[in-house]
Amino acid sequence: MMLRTPAVSALVAAALVAGPILAAPAAAAPGSMVGADSIGDPYFQRQGNGGFDVRHCDIAFTYDPGTRQMTATATITAVATQDLSRFSLDFRGPTVSAVTVNAVAARFSRDDDKLFATPKNVLKAGRTFTVVITYAGEPGPMYDADGSVEGWVPTDDGAFVVGEPQGSAMWFPGNNHPTDKATFTFRATVPDGTTAVGNGTLVSQATHGGWTTFVWESREPMATYLATVTIGKFVVSEFTTASNIPVYTAVDPRLAKRAAPMLAEIPDIVDFFSSVFGPYPFSSTGAVIDYAPKVGYALETQTRPVFCDVPSDAIGTIAHELAHMWFGDSVSLTRWSDIWLNEGFATYAEWLWSEHNGGPTAQKLFERTYAPDKQSFWDVLLADPGVLNMFSYPPYDRGAMTLHALRVKVGDEVFFKILKEWTTAHRFGNATSADFVGLAERESQQDLGPFFDAWLYHTGKPTSW
Ligand code: TRP
Ligand code: ZN
């Protein structure tokens with residue numbers, strides 16, 4: 001398998017939550033009040049749960065990097081979408097000691113990846129309810145089918161915390177599928193001198209008795225896989241972009257010097273992408289440059305991408321991760337098979353940044369990427385690459401080529417209008433390949449069937465379209 005690891009290849013709200021748009025999984029029998037224990041994603045059959053919509057997650061924990069022990073309380077506010085006598089959450093974290101629903105103790109049980117709760121009283125469709133889960137122990141990493149590591153990855157001074165596509169369940173219970181977005185509060189208590197960097201805005205930082213609590217608020221809806229509270233010894237900087245977006249960066253002191261050029265580009269990249277893709281979707285931005293060499297990739301954690309080292313292509317990679325704020329984070333996929341909507345768009349954004357900066361043009365980069373006839377590359381189906389190829393070259397490079405070919409076909413004016421309309425129409429929501437095809441056809445007034453057939457829905461190198 002060819003892992004692209006674009007990141008570090010050389011080194012190793014308001015509009016919350018659309019309900020699930022996936023085919024309803026075979027779970028609850030008609031009339032049953034048991035929530036489905038799957039959301040029906042074709043790539044991850046066990047991911048996500050039915051019967052409710054999460055609105056807010058408040059995750060409070062203390063973590064000691066020395067002992068790797070965590071004590072945590074997760075408070076989940078959700079709305080029931082059916083009567084519920086029992087429901088499940090995705091959770092693969094440490095030992096649960098108690099679950100309450102609307103402040104009343106609930107019976108609970110677990111299997112490998114789910115926490116099942118039976119509230120004392122049936123939850124009525126349409127009502128908001130609150131689940132509190134108390135747990136403690138040693139959270140850890142998990143390994144995906146492609147061999148990559150994610151979840152809670154301990155480092156020599158803290159933890160590198162990433163969750164694409166499954167790992168968030170290693171450290172907090174939730175509805176772990178991109179179609180159930182929620183706002184988040186993280187309250188992380190770590191030893192004084194250690195920094196905990198979450199998504200969104202740092203609302204307070206207070207030290208008592210040798211421990212510091214960082215409170216982070218993610219006010220715009222976020223998919224669970226984009227959550228992080230990455231912990232370590234960091235040099236922190238806070239500044240703003242020319243258009244006044246707050247920037248918070250944290251860098252491992254051992255990497256500070258080498259990371260400086262990529263961090264310095266953040267304001268210009270965010271402002272340039274805002275002009276091309278539409279307004280930056282979130283209320284803050286930044287990056288975390290940590291040292292977690294075993295991870296081997298970066299992740300577009302919302303508002304604040306995390307890097308496991310200084311990437312070899314540092315500027316391309318920071319541009320890639322920041323572009324995900326529009327493509328992936330604000331506009332999220334509906335099922336994982338559409339991963340090119342994340343990776344192809346973020347890769348094309350790298351090309352646009354190169355072109356804008358006097359580097360190779362997007363046309364040049366298209367030609368370079370298109371030239372090789374390597375069959376294993378062209379034989380991956382972009383609209384359904386398979387779990388093992390989610391993060392291999394095709395979703396990235398063939399995805400970017402698809403967008404460039406579209407640009408050439410419809411012209412710059414229409415193409416950039418399509419991109420802006422995409423980020424506007426699906427802001428904080430979820431979309432599919434078919435939504436993109438439909439939008440491109442409407443904006444261009446062209447039949448793009450044969451075009452997308454060649455690029456998305458068939459294997460083999462497109463030669464005419
Ligand atoms: N989405 C990440 C990026 O493009 C990469 C990524 C996330 C990844 N999870 C992965 C790569 C697992 C390999 C394996 O920046
Ligand atoms: Zn990416």
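A nitrogen atom of ligand 1 lies 2.9 Å from an N or O atom in the side chain of Glu300, a polar contact in the sense of a pair of N or O atoms within 3.5 Å, where pairs within protein also need one atom able to donate a hydrogen and the other able to accept it, and residues adjacent in sequence count only if both atoms are side-chain atoms. This is a predicted model, in which local features need pLDDT of at least 70 and side-chain atom pairs count only at pLDDT 80 or more, while totals for chains, interfaces and linings use all residues. Residues are numbered from 1 along each chain as its sequence is written, chains are lettered from A and ligands numbered from 1 in the order in which they are written, and side-chain values use heavy atoms, with hydrogens and water left out.

**Ligand 1**

- An oxygen atom of ligand 1 is 3.3 Å from a polar backbone atom of Ala298, and a polar side-chain atom of Tyr396 lies 3.0 Å from an oxygen atom of the ligand.
- The protein buries 100% of the 360 Å² that ligand 1 exposes when taken alone, with areas from the Shrake-Rupley method and a 1.4 Å probe.
- Ligand 1 is surrounded by 15 residues, the closest being Glu164, Glu300, Glu321, Glu343 and Tyr396, where a residue counts if one of its heavy atoms lies within 4 Å.

**Zinc ion (ligand 2)**

- His320 (NE2), His324 (NE2) and Glu343 (OE) are the protein donors of the zinc ion, at 1.9 to 2.0 Å; donors are N, O and S atoms within 2.8 Å of the metal (3.2 Å for Na, K and Ca), and sites may look incomplete because water is not among the atoms.
- Along the chain, the donors follow the spacing H-x3-H-x18-E.
- His320 belongs to helix H2 (residues 314-323) and Glu343 to helix H3 (residues 340-356), so the pair ties together parts that are 23 residues apart in sequence; helices (at least four residues) and strands (at least two) are DSSP runs.
- His320 counts as buried at 1% relative accessibility, as does Glu343 at 1%, where buried means under 20% relative accessible area, exposed over 50% and partly exposed in between (1.4 Å probe, protein chains only).

**Backbone features**

- A cis peptide bond with omega of about 5 degrees joins Glu164 and Pro165, and Pro165 sits in the loop between strand E11 (158-162) and strand E12 (182-191).
- Asn102, which is not a glycine, has a positive phi near 50 degrees and is partly exposed at 39% relative accessibility.
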